[in-house]
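Try each task before reading its solution.

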Amino acid sequence: MDFLNAIVALSNFVLIPAVAYGSQLALGALGVTLIYGILRFSNFAHGDTMAFGTMVVVLFTWWFQSMGITLGPLPTALLALPFGIIACAALVIGTDKMVYQFYREQKAKPVILVIVSMGVMFIMNGLVRFIIGPNDQRFADGERFIISARDFKQMTGLREGLAIKTTQGITVVVAVIAVVLLFWFLNRTRTGKSMRAYSDNEDLALLSGINPERVVLYTWLIVAALATVAGTLYGLDKTFKPFTYFQLLLPIFAAAIVGGLGSPLGAIAGGFVIAFSEVTITYAWKKVLGYLLPETLEPDGLVQLLSTDYKFAVSFAILVIVLLFKPTGLFKGKSV
Amino acid sequence: MKKLLMATAATALMTGSALADDHAVKLGVILGFTGPIESLTPSMADGAELAMKEVTDSGKLLGGKAVMPVRADSTCIDAGAATAAAERLVTAEGVKGIMGADCSGVTGAILANVAVPNGVVMISPSATSPALSSAEDNGLFFRTAPSDARQGEVMADVLLEQGIEEVALTYTNNDYGKGLADSFKSAYESKGGTVTINAAHEDGKADYTAEVGALAAAGGDRLVVAGYVDQGGAGIVRAALDSGAFDTFHFPDGMIGQALEDNFGTDIEGSTGQHPGTDSPGAAKFVEQVGDAFDATSPFTPESYDAAALILLAMQAAGSVEPGDYKDKVMDVANAPGEKIYPGELGKALDIIAGGGDVDYVGATAVELIGPGESAGNYRQVEIKDGKLTTVKYR
């Protein structure tokens with residue numbers, strides 16, 4: 001029984017939240033990595049692209065809710081998702097035509113594009129705040145929990161509760177679907193293959209008749225979809241606030257770099273590495289050990305490796321270690 | 001295009017100088033219009049500007065001077081940006097006093113880098129860090145909010161009276177959170193309570209799973225969240241509720257706000273809290289005076305009105321708008337003896353002072369300045385009942 005309690009406590013506070021957070025980071029990191037691989041720059045505006053897409057989803061969700069359209073136990077936001085993706089795609093393609101295309105034609109160095117993306121970031125940042133305001137917005141509805149801590153305790157008679165939120169379940173399911181679709185697209189379709197070819201060697205790709213503007217267009221479309229999905233899942237799971245999306249940029253980049261920039265598989269692995277390292281290394285094991293150990297050995301202290309203050313230090317320490325010993329990331333991406 | 005821009009700029013400059021009438025007194029209103037408490041600041045600024053408008057309309061300040069508010073953004077968290085904004089107010093706008101700043105960290109920075117070097121009076125409506133009590137201020141710094149040393153005591157009493165003797169504590173990692181957490185911890189422990197864990201959280205972060213995991217492992221009857229309602233504080237509460245780690249919470253002032261009701265409502269039924277507030281008739285009068293113009297009960301809004309009113313009354317008492325002259329009068333107008341002054345009576349107060357009389361400014365928050373010029377502190381104890389913040393009592 002105590003062993004079960006320990007497992008449940010650990011899953012409730014570490015495993016389940018980390019898996020959900022990891023999926024959100026992975027989707028974000030996929031977007032960053034695609035842009036890095038194909039357009040060859042680090043897109044600092046990604047966090048705010050996510051915020052924009054999510055904002056449109058939030059607005060549509062509210063509209064649907066006001067008309068009484070819901071998805072029953074599922075959040076209405078899933079219904080609004082396609083509209084968010086369309087609006088977000090329009091925004092990023094518009095940005096590309098107005099801003100990035102100019103620099104691409106000039107063959108500007110990647111570092112210039114990075115700075116340009118920073119400018120774009122601030123504009124998008126302002127745009128989102130201008131439309132929806134800087135405050136927290138809630139748009140989650142439907143059933144909140146697949147199983148709530150209280151129900152779980154009653155059902156099993158254990159002392160520890162296990163909560164699985166609907167949003168956490170949806171996050172993982174949607175993330176898996178999105179990743180499968182993406183990999184199918186990149187590996188099996190003609191356009192996907194041309195994107196990979198363009199990413200591997202631009203000149204050869206051009207020689208073999210691949211239209212670069214088409215590749216760029218598809219990249220942005222996919223990135224917009226990924227960003228909106230990631231942002232919406234994150235907003236459903238936590239809350240939508242423009243400022244946090246801006247802050248989300250750091251763990252996303254850490255995930256993309258740890259995994260190897262330009263490698264989609266790496267982005268996913270990186271997302272989970274960052275999420276798990278943030279949660280597990282700073283976890284206080286007191287409760288879990290209290291269940292596992294005999295009473296005489298029960299710890300008095302918190303048995304915490306590091307105070308939670310250092311959780312960001314943990315992910316960045318991993319980043320530094322990876323860059324020192326494996327500059328291309330865990331899954332051979334491009335060196336930074 | 002260039003010409004058009006130049007022309008617009010020139011017009012703007014001209015109108016600017018035309019409006020900058022020598023007869024007007026400028027007061028800075030420096031609050032975090034962006035940042036972690038951006039949902040509180042608009043009504044705070046409105047409160048301060050209401051006092052200024054009232055004085056202007058009365059036409060009695062130093063023979064009919066108008067008062068012009070100049071807003072600036074303290075950002076609440078970025079000391080550099082706040083200092084630059086305050087510097088602009090003092091050097092470019094020529095303000096004669098500052099109503100602000102809001103958060104403790106930036107207030108300390110503005111005080112040390114701008115107010116003291118330039119000799120400008122600052123009255124903060126909401127900076128509550130105990131550290132500011134002993135800051136070097138040349139008698140220029142006051143606050144209509146009490147120090148958190150007092151709030152820590154009140155918080156400990158509230159919890160112990162309900163029989164809660166073990167709590168987990170988390171605070172936002174800045175001057176406000178740390179100061180409040182420390183003062184609460186020492187007060188609570190000296191009264192016999194136990195704090196199982198005292199952990200910081202960062203604002204504006206993506207995920208608070210790790211923090212809540214640690215807090216849950218430490219355990220406790222209630223979770224004390226010394227954070228911001230628009231920021232990490234809300235994230236912690238959400239994560240704690242979702243994982244079933246804690247059902248009830250205790251919220252100090254930074255967490256009390258409309259957003260708390262909107263976001264959590266009945267989920268946090270039975271949670272308690274306190275924020276500066278009073279049942280003195282001033283509070284009701286203030287609500288009445290404000291009407292529907294803005295939310296008069298939003299935290300620190302009455303304090304903001306009082307802060308601006310105190311500056312203006314002190315100017316009248318000193319017969320001068322120069323901070324060096326009126327800084328010594330602030331305590332005089334705020335405290336007894338004298339005629340009690342409530343919100344909406346600033347004109348009357350100006351008259352009394354002009355006639356050589358004494359006033360005891362009570363204002364919207366029962367202002368009583370003690371020690372180094374800070375409010376003695378009245379608190380409103382609240383409880384979440386049926387998803388609404390309800391007043392338990394005042395203490």
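Predicted model: local features only at pLDDT ≥ 70, side-chain atom pairs only at ≥ 80, totals over all residues.

Residues are numbered from 1 along each chain as its sequence is written, while chains are lettered from A and ligands numbered from 1 in the order in which they are written.

**Exercise 1. Check the span of helix α4 of chain A, then find its buried residues.**

Step 1. Helices (H or I, at least four residues) and strands (E, at least two) are DSSP runs, numbered from the N terminus.
Step 2. α4(A) covers residues 110–132, which is 23 residues. The expected span is 1.5 Å times one less than the number of residues.
Step 3. A residue is buried if 20 or more other C-beta atoms, placed from the backbone, lie within 10 Å of its own; exposed means 12 or fewer, and partly exposed is in between. In α4(A), the buried residues include A:Leu113, A:Val116, A:Val120 and A:Met124.
Step 4. Their cover includes α2, α3 and α10 of chain A.
Step 5. Just after α4(A), A:Gly133 takes a positive phi of about 90 degrees.

**Exercise 2. Is A:Ile268 buried or exposed?**

Step 1. Locate A:Ile268 in helix α11 (residues 264–280) of chain A.
Step 2. A:Ile268 has 25 C-beta neighbours inside 10 Å, so it counts as buried.
Step 3. Two residues are in contact if their C-beta atoms, placed from the backbone, lie within 7 Å. Leaving out residues up to four places away in sequence, A:Ile268 touches A:Ala26, A:Leu30, A:Val179 and A:Gly259.

**Exercise 3. Trace the pairing of strand β6 of chain B.**

Step 1. Six of the seven residues of β6(B) (166–172) are buried, so the strand is largely enclosed by the rest of the structure.
Step 2. Strands pair if DSSP finds at least two bridges between them.
Step 3. Follow B:Thr170. Its bridge partner in β7(B) is B:Ala199; in β8(B) the partner is B:Val225.

**Exercise 4. Which part of chain B supplies the largest share of the side that touches chain A?**

Step 1. Count the contacts: 29 residues of chain B meet 36 of chain A.
Step 2. β7, α7, α8 and α9 of chain B each supply at least two residues of that side.
Step 3. The largest share, nine residues, comes from α7(B).
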